[in-house]
Amino acid sequence: MAELTPTTHTTHTTETSFIDLSANENPLGPSPKALRAIEQSLSGLHRYPEKDGDPLRDALALQHGLNREQLLLGNGATELLEFAARACLSHHADEPAEALIATPCFIPYQKVIQRAGGTLVSIPCSLGEDPLDALLAAVTGRTRLIILGTPNNPTGSTIKQTSLERFVAALPKQVLLVLDEAYIEYIDHPECADSLRLLAQGHNLLLLRSLSKAYGLAGLRIGYALGTTALIDQLNGQRQHYNTNTLAQAAALAAIADQDHLSATLANNRLGRDYLDRAFRALGLNFLPTQANFFLLEVGDGDAWVQGLAQQGIRVKPMDRYLLPHHIRISIGLPHQNQALVAALQQLLHIRAEPQLNQPCSRLRIQQPSQQSIQQPIQQPIQQPSQKKTQQRLSA
Ligand SMILES: Cc1ncc(COP(=O)(O)O)c(C=O)c1O
């Protein structure tokens with residue numbers, strides 16, 4: 001198993017180093033085998049890449065028990081979202097086709113739908129709520145596409161197998177369901193949906209996977225889609241030759257074969273998830289259970305907390321763009337990064353004593369965040385909205 005080495009992220013523009021827990025990347029970095037594969041490919045960079053990425057497609061097809069024709073590579077999963085949206089939503093000029101999303105969800109879903117000329121239908125859901133019934137109720141004769149993240153970003157929530165089976169069986173044939181599974185490797189809940197099984201049953205389904213997260217290759221931009229041969233062929237029509245580059249293909253091939261690195265990544269995530277779960281409880285913070293490599297925390301004035309943590313060298317994600325101004329999203333890091341985060345949160349909460357993470361929350365006497373305690377370092381008014389208030393706004 002690979003060692004957990006401390007990696008601090010350094011910005012390109014300044015000399016400051018910080019702990020970056022803002023983008024759900026792999027804190028262990030890329031697989032050493034992927035780095036070696038990149039080195040070995042460098043001398044061939046005067047050549048074009050494999051046009052269709054067949055060696056990588058073959059390896060991925062084998063891994064998933066599918067045919068190469070059921071698999072398409074993309075410049076990140078995001079490019080494949082774009083292909084799906086265009087394939088489903090363009091060419092409906094007289095009566096624009098509709099696409100459904102359940103919010104909050106990954107922001108690019110909205111963008112790809114709008115760029116493809118579709119009508120965006122956002123279904124606001126309470127945090128952590130299964131969105132499937134609400135999505136089904138919103139399907140009309142014009143609906144052609146539904147995009148759903150599982151685990152969802154920013155909530156970390158997943159869909160159960162039984163709910164998903166019922167949902168796909170009830171969907172009209174003309175509606176493509178895109179399941180964005182960028183974080184699928186992190187899931188360890190036994191009831192989570194087995195989407196490959198549904199694909200094998202012939203549903204109108206596209207599964208999106210990414211090598212940006214558990215495989216640690218975000219900077220290379222590589223992802224893949226799994227679907228029926230006919231659907232993949234249709235999406236392939238959207239693609240430029242050479243949409244994925246030589247280094248990305250070589251690194252991805254090596255990364256998916258590096259089980260040690262993946263196991264170390266998942267072990268680190270489980271450890272961090274358990275540690276932060278206990279710490280957040282001990283600190284009295286509201287958060288959602290997660291099946292991914294990040295947590296969504298309710299903190300009051302999200303921006304103030306983002307700034308307060310930044311002042312202590314920790315970068316986390318503000319949630320205003322997700323219409324969750326009272327929340328922040330925090331990626332799970334290496335053990336020492338998670339500890340630094342907890343210490344910084346304690347500092348912001350003005351908790352002097354170490355939280356006793358092994359004790360049940362009820363026995364701890366932890367000071368709740370007060371208006372004054374956070375205001376001081378960041379000079380901003382702090383709101384502490386109740387959970388109920390936030391949810392009302394979300395489902396409005
Ligand atoms: C749910 C979700 N899907 C897709 C992506 C992007 O994947 P890629 O880097 O492969 O484009 C992200 C990145 O944060 C994400 O959160």
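## Helix 3 and helix 4

In this predicted model, helix 3 (residues 77-89) packs against helix 4 (residues 108-115) at an angle of about 40 degrees, and their axes are 8 Å apart. The two helices are therefore oblique to each other. Their crossing is right-handed.

On the helix 3 side, the contact is made by Thr78, Leu81, Glu82, Ala85 and Leu89; on the helix 4 side, by Pro108, Tyr109, Val112 and Ile113. Seven of the residues in this contact are nonpolar, one is polar and one is charged.

Seven strands form an open sheet in the order 3-9-8-7-6-4-5, and the pairing is mixed. Strand 3 (71-74) and strand 5 (119-124) are the edge strands, each of which pairs on one side only. From one strand to the next, the twist averages 20 degrees.

Within the sheet, strand 4 (residues 98-103) and strand 6 (residues 143-149) run parallel and are joined by four bridges. Glutamate 98 stands opposite threonine 143 in strand 6.

Helix 2 (residues 54-64) packs on the sheet, where it touches strand 3 and strand 9 (223-226). The direction of helix 2 makes about 125 degrees with that of strand 3.

## Around the ligand

The shell around the ligand holds 13 residues, of which Gly76, Thr78, Asn153, Ser210 and Ser212 come nearest. By type, the shell divides into eight polar residues, four nonpolar and one charged.

Terms used
Residues are numbered from 1 along each chain as its sequence is written. This is a predicted model: local features need pLDDT of at least 70, side-chain atom pairs count only at pLDDT 80 or more; totals for chains, interfaces and linings use all residues. Axes are lines fitted to C-alpha atoms, for helices over the stretch in contact, and angles run from 0 to 180 degrees between N-to-C directions. Angles under 35 degrees count as roughly parallel, over 145 as roughly antiparallel, 65 to 115 as roughly perpendicular and the rest as oblique. A crossing is left-handed if the near helix is turned anticlockwise from the far one by less than a right angle, and right-handed if clockwise. Two residues are in contact if their C-beta atoms, placed from the backbone, lie within 7 Å. Ala, Val, Leu, Ile, Met, Phe, Trp, Tyr, Cys and Pro count as nonpolar, Asp, Glu, Lys and Arg as charged, and the others, Gly among them, as polar. A residue is near a molecule or strand if its C-beta atom, placed from the backbone, lies within 6 Å of it. Two strands pair if DSSP finds at least two bridges between them.
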